[in-house]
Amino acid sequence: MLKMDLKYILCTGLICCCMWYGLAQSDPSECLKANAKSCGECIQAGRNCGWCTKIEFLQQGEANSARCDDIESLKMRGCSMQDIENPKGSQRVDANKELTGRTSGEKVELKDITQIRPQKLTLKLRSGEPQTFPLYFKRAEDYPIDLYYLMDLSFSMKDDLENVKKLGTELQIEMGKITSDFRIGFGSFVDKTVMPYISTTPAKRKNPCTNGEVCTSPFSYKNVLSLTNDGSKFNELVSNQTISGNLDSPEGGFDAIMQVAVCGEKIGWRNVTRLLVFSTDAGFHFAGDGKLGGIVLPNDGNCHLDTQGLYTMSDHFDYPSIAHLVQKLSDNNIQPIFAVTEEFKGVYKALHDLIPKSEVGVLSSNSSNVIKLILDAYHALSSEVILENSKLPEGVSIHYTAYCKNNTVHTGENGRKCLGIQIGDEVSFNISITANKCPNNGEKATIQIKPLGFNEKVEVNLEFICECDCHNKGIANSPDCHQGNGTFECGACRCNKGRIGRFCECSTDEVNSEDMDASCRKDNASLICSDNGDCICGECVCKKRENPNEIISGKYCECDNFNCDRSNGLICGGNGICKCRVCECFPNYSGNACDCSLDNSTCISKNLQMCNGRGHCECGRCKCTDPKFQGPACEMCPTCPGVCTEHKDCVQCKAFQKGPKKDTCDQCEFEVKLVKKQEDLPQPGQVPSIAHCKEKDEDDCWFYFSYSVNDQNVPEVHVTENPECPQAPDIIPIVAGVVAGIVLIGLALLLIWKLLMIIHDRREFAKFEKEKMNAKWDTQENPIYKSPINKFKNPNYGRKVASL
């Protein structure tokens, strides 16, 4: 998806000209994929596609379609800007009257009021290139208003009619506070006059009411009073109205709304703010419901009012659909206000969502609040601006961006509207129109953009750029196109019917000739066009690759720009151009894959020597002469002793007169400078290349030194004058510490043992106490005690003595 960033440029006219700026670049492949045969086809492929008119632009084997490419690619391929056809769209403001400001109480004629600008402009559109212009809206003061009151006169609205009878003068007084030019009209409706909507018996047709009520005969819709500025006349005519009746609950209000919308002359609508107040306490019939009464013809959306204002075709045409009604209300700039009872508020709220610029208000039981309802709805409608456009030509799209009050910005569908606009407030919209293709024959078109509910509009004339400027300079039957077999235009031949080839040199009947195929072979053993193209008219036309940046060329399609040597995964290493499978290197590069840099700056080391004096530079890299050295500048030697180790003995003998070289110190090639502390040694920022060393001598003392080479390649060595020697350990504190440690450990072990014993004893004692409590002793019997008393029983005791 394209990413967009609007910039606005102030022009010298009355209007600001806007341009699309910063659009994401289009896909460069779209130009080549279009396979355009002419400049006109090319510029329709994309907004960044251009056509090179330079005659010698094409390489051998390339088709004319290769002239079509994105602008940057054409320039890279050698086509100058003056040879590139790349027409751009434009815009011209044809009418731009200033917006009407506050009038300060002065009366302004309707024809002099301007609420929207510009009023007319012309856009030249190129495919894929949007044209953006600003539209300004300012709500005018004292703008005229026409209000038509359409009322349901079914029996349930009887008490409401009494309050409406005095509506005219009261409403005129209230609306007079808003505008000095107010007109009011009145109409009524019931339903279609066929079964099952009404009773068709003669008595019921004459008086559809019951219980002795006197009602008028049912009717579909009647225009009682056309729009007038006489409020008393409204009261008079409405007072003469009588309630009617019908059978079903939904009413025929849609028939009435349609007639009010399309019968502009009979209703008396002016090109001002048009309000339609629809008052009812019931639902509505819509398209398809007419079939219940045998009515199948769709509503034709035309006016059918007779001289008395009655709708005469109610029984012939079905109810209108909601979409049909929305269209007619919009076409005639009518803003409906639905004044309904609380019971049907939800139904009409849903209808309101389908009808732009409409409002819903809740009537009291007897319509006593109707004036407040109308005023509230008017203020809500007039403070809202919603833009709509007429039908767009095929292939044309439109995008809105709204800049409303308080610096709020809306896009998408919300970009069409601004809310909360008061009298004198000005808002703006940016409107972008894009043609995605040219219409048939490049015909002009006109669209209209207008704010809903207002009579003013913007007329936009669209002209389409379908051909290049060079098309008009074409030479028909040009000798440059093989004896006049085509039109030479835009640097190429556009062949006549039946002719083909770059110069129209062949007829379609000769394309498959074997003699022509032979001229497309490099030699007898090779394939036709190297199997990379088609032989047309004895000349190879090379195939196109899926990647538009890969091009096959050459007389026999033997060349391409993608089969050259690669380096680091890039063709010609990214340092050259592939031409006919051979790299042509940029300056300072050489080699088969342009991977050899001739720039020696990458071989210079930190000491400004070439490869540290240990090699030479080849292709921007150091080639070390001594194989033990390596690295980008031959600075690394993994097998060499370190600088510190290498110079340790010489530093020791020079600075401290000791070490292995103490007796041969004169063989050391450098002198040393003593410094007091390690911090005083030269730092890397002071010397380009320096090594800091820390070494140990035979006395286990550490000494610090730095080693560097100056610009004259002379070593410079700095040494700390006092080595850091470790001190001998103090024996007494060590022995005392060991003894104290042993004693403390012994005491700790004794304490732990004592603690464990105490815990064990307490556990054993607790166990003893528990067993003692559980023991049971019988204190009354001694196991070794014997009683001194013996008992004996006389065996004869209790027997009866035998009689003697």
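In this predicted model, a search of the whole structure finds 26 disulfides. Three of them are set out below.

| Disulfide | S to S distance | Handedness |
|---|---|---|
| Cys263 and Cys303 | 2.0 Å | right-handed |
| Cys481 and Cys493 | 2.1 Å | left-handed |
| Cys603 and Cys617 | 2.1 Å | right-handed |

The link of Cys263 and Cys303 has 115 degrees about its S-S bond. It connects distant parts of the chain, 40 residues apart: Cys263 belongs to the loop between α8 and α9, and Cys303 to the loop between β13 and α10. Cys263 is buried, with a relative accessible area of 1%, whereas Cys303, at 29%, counts as partly exposed.

For Cys481 and Cys493, the torsion about the S-S bond is about -100 degrees, so this disulfide is left-handed. Cys481 is found in the loop between β22 and β23, and Cys493 in strand β24, 12 residues apart. Cys481 has 0% relative accessibility and is therefore counted as buried; Cys493 is buried as well, with a relative accessible area of 7%.

The link of Cys603 and Cys617 shows 60 degrees about the S-S bond. Cys603 lies in the loop between β36 and β37, while Cys617 is part of strand β37, 14 residues apart. Both cysteines, Cys603 and Cys617, are buried.

Strands of a sheet pair through backbone hydrogen bonds, in either a parallel or an antiparallel manner. Here, β14 (residues 334-340) and β15 pair in the parallel sense over four bridges, and Val340 stands opposite Val362 in β15.

**Aromatic rings**

The whole structure contains 15 aromatic pairs according to the search. One of them is formed by Phe656 and Phe703, an edge-to-face pair with 5.8 Å centre to centre and 70 degrees between the planes. This pair links helix α14, which holds Phe656, to strand β41, which holds Phe703, across 47 residues. Phe656 is buried at a relative accessible area of 16%, and Phe703 is buried at 0%.

Strand β41 also carries Tyr707, whose partner Phe670 lies in the loop between α14 and β39, so this pair ties together parts 37 residues apart in sequence. The ring centres of Phe670 and Tyr707 are 6.2 Å apart and the planes stand at 80 degrees, so the pair is edge-to-face. Phe670 and Tyr707 are both buried.

One aromatic cluster consists of Phe189, Phe254, Phe278, Phe284, Phe286, Phe338 and Tyr348. Charged groups also sit over rings: Lys192 lies over the face of Tyr319, at 4.5 Å from the ring centre, and the charged end of Lys694 is placed over the ring of Trp702, 4.7 Å from its centre.

**The surroundings of Ile84**

Ile84 lies in strand β5 (residues 84-85) and is buried, with a relative accessible area of 9%. Its contacts beyond four places in sequence are Gly50, Trp51, Ile71, Leu74, Lys75 and Cys79.

Technical notes. Residues are numbered from 1 along each chain as its sequence is written. This is a predicted model: local features need pLDDT of at least 70, side-chain atom pairs count only at pLDDT 80 or more; totals for chains, interfaces and linings use all residues. Side-chain values use heavy atoms; hydrogens and water are left out. Helices (H or I, at least four residues) and strands (E, at least two) are DSSP runs, numbered from the N terminus. Buried means under 20% relative accessible area, exposed over 50%, partly exposed in between (1.4 Å probe, protein chains only). Contact means heavy atoms within 4.5 Å. Two strands pair if DSSP finds at least two bridges between them. Rings of Phe, Tyr and Trp (its six-membered ring) pair if their centres lie within 6.5 Å; planes under 30 degrees apart count as stacked, over 60 as edge-to-face and the rest as tilted. A charge sits over a ring if NZ of Lys or CZ of Arg is within 6 Å of the ring centre and within 35 degrees of the ring normal. A disulfide is a pair of cysteine sulfur atoms within 2.5 Å.
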